[in-house]
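Have the sequence and the 3D view open side by side for this one.

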Amino acid sequence: MGWLISSLMMAALLHLITIFSLLAVILSIAESINIDCGSTGSYVDSNNVTWVGDKGFVTTGEPVKIPNVVMKPLNTLRYFPTGQTNCYTNIPVAKRQKTLVRTKFYYENYDGNFSPPSFDLSLLNNEETFYYSELIFSPGNESISVCLLRTSPSDNPFISSIEVYSLDDGMYADLGPNEGLITQQRTACCAKENPYGRPWYPLGADDTLADLTTSAPSIDITGASNKPPEVVMSKASSSLGKIIKLSNLALPITGVPVYLALYFSEPQTLGRTQKRSFNVFLDETQVGSGPIIPVFGKATQVVLRDVVAMSGSQIVFQSTGDSVLPPIISGVDLFSISNSRNGGGGGGSQSSGGNNDSGGGAKSSGGKKKKKNKLPLIFGVTFASAFAILSSMFGAIFLRKRQNAKPQSNTTPTTSTGNGTGTGMSPLVEQQFASDTDPSYVVQDDHQ
């Protein structure tokens, strides 16, 4: 009898261990999940990122392993030869916590047709010919769906991977509960780092800028709520003159409300006679409430949102009259805003790691050529409050070919002391960004 009780106790203990293990897996997945589309099983890649196969998330489509491609997860994909809409469902997320969703697409002539599907997407870089889309929003439920919508009878939608990351409290705090940030550009001086699932792409070589490295032993990033990586903040690009101009922004040709976050850190210990002070403008609107004075060893962040901008817009950094040193920039986040709460009225915030009234920064991604390619996509999102009204999804066309910011010399805008106002397109509901005409890819909250 004793052995039976002992066996039952052991079985109960093993059951509890199994339950707690499953809970740990679920909690871990809620923090981040990386789905290798078209694959089975799980693995850990060279960056210590855990990937899982797509079994259990999708019931349609056909998996394909791409010959002669070694790098995971790009060596597999899932394509959808039938159906108007095909979805990955029950992807776990943390409810009402800001979440980043990224999808990647690697065609590599997997179907032997030498003809990528005729939808548009952002070009990631020049070395790896895959495309990506990225969205930050707050899910209204504990799971989301990622859906691909056919836009042409002759084109089969496909997808290579889905990455979902929960962001820390306080990051992108200016984002409203019904808004989404659609990534257009994320660049840094000399770094390529990926915390919170956010890749930062080097700005590239430019003969009007000089790269600087901080002499500080570490960088305090607590003054920047969006948490740019310390390695990004340890570098800066400095103008060789009095002005930095970033043009050819990765934005649509027609105006959209944008969210612009700039990050700075003074790389040098300045002498008593040295001063670095500059104003930043997005077109005619000043970024921040006044001149930016970066702080040594500390990160400074400035945010401007709801100002309408387009591909022809410029970000200009201009030294103040009493500045001895030229302007600098460490990193830039540039998003279009889906369902903007202010519709382009202009607004922003400013935070600093020191006592100075300072702001944030960006730099050019020069040195890269624009590529023409038919590949990919259009992204949308279902927000919780909009779900009951629209019943299915909040369409937000946002993907377009990536354009890299390049410094240019042009006239300088005059100083503006207010937040500014903007006019242009309404928020991105079924809105055309480039030459796209139909939504082909959607993220939505799963409706329980």
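## The cysteines

Cys-37 is buried, since its relative accessibility is 0% (buried means under 20% relative accessible area, exposed over 50%, and partly exposed in between, with a 1.4 Å probe and protein chains only). A quick word on the source: this is a predicted model, where local features need pLDDT of at least 70, side-chain atom pairs count only at pLDDT 80 or more, and totals for chains, interfaces and linings use all residues. Residues are numbered from 1 along each chain as its sequence is written, and side-chain values use heavy atoms, leaving out hydrogens and water.

The structure has one disulfide, a term that here takes a pair of cysteine sulfur atoms within 2.5 Å. Cys-87 and Cys-147 make that bond, with 2.1 Å between their sulfur atoms. Cys-87 sits in strand S6 (residues 85-92) and Cys-147 in strand S10 (residues 143-149), so the bond ties together parts 60 residues apart in sequence. Strands (E, at least two residues) and helices (H or I, at least four) are DSSP runs, numbered from the N terminus. The torsion about the S-S bond of Cys-87 and Cys-147 is about 105 degrees, so this disulfide is right-handed. Cys-87 is partly exposed at 24% relative accessibility, whereas Cys-147 is buried at 1%.

## Rings and charges

How many aromatic pairs are there? The count comes to 13, where rings of Phe, Tyr and Trp (its six-membered ring) pair if their centres lie within 6.5 Å; planes under 30 degrees apart are stacked, over 60 edge-to-face, and the rest tilted. One of them is the tilted pair of Tyr-107 and Phe-158, at 6.2 Å centre to centre and 50 degrees between the planes. Tyr-107 is in the loop between strand S7 (99-105) and strand S8 (122-123), and Phe-158 is in strand S11 (residues 158-159), so this pair links parts 51 residues apart in sequence. Tyr-107 is buried at 6% relative accessibility, and Phe-158 is buried at 0%. Ring pairs also join Tyr-79, Phe-105, Tyr-107, Tyr-110 and Phe-158 into a cluster.

Two rings have a charge over the face. Lys-72 lies over Tyr-43, at 4.4 Å from the ring centre, and Arg-186 lies over Trp-200, at 6.0 Å. The rule asks for NZ of Lys or CZ of Arg within 6 Å of the ring centre and within 35 degrees of the ring normal.

## A three-stranded sheet

Phe-158 turns up again here: Tyr-79 stands opposite Phe-158 in S11. Two bridges join strand S5 (residues 76-79) to S11, and these strands run antiparallel; strands pair if DSSP finds at least two bridges between them. The open sheet of three strands has the order S4-S5-S11, with antiparallel pairing. Its edge strands are S4 (62-65) and S11, each pairing on one side only.

## A proline in a loop

Pro-327 is in the loop between strand S22 (315-319) and strand S23 (328-329). Buried or exposed? Pro-327 is buried, with a relative accessible area of 0%. Leaving out residues up to four places away in sequence, Pro-327 touches several others, including Ser-237, Gly-241, Ile-243, Phe-278 and Phe-317 (contact means heavy atoms within 4.5 Å). Arg-276 is 51 residues from Pro-327 in sequence, with 6.8 Å from C-alpha to C-alpha.

## The whole chain

The protein chain has three helices and 28 strands. Of its 448 residues, 55% count as buried. Among contacts between residues at least 6 apart in sequence, 83% join residues at least 24 apart.
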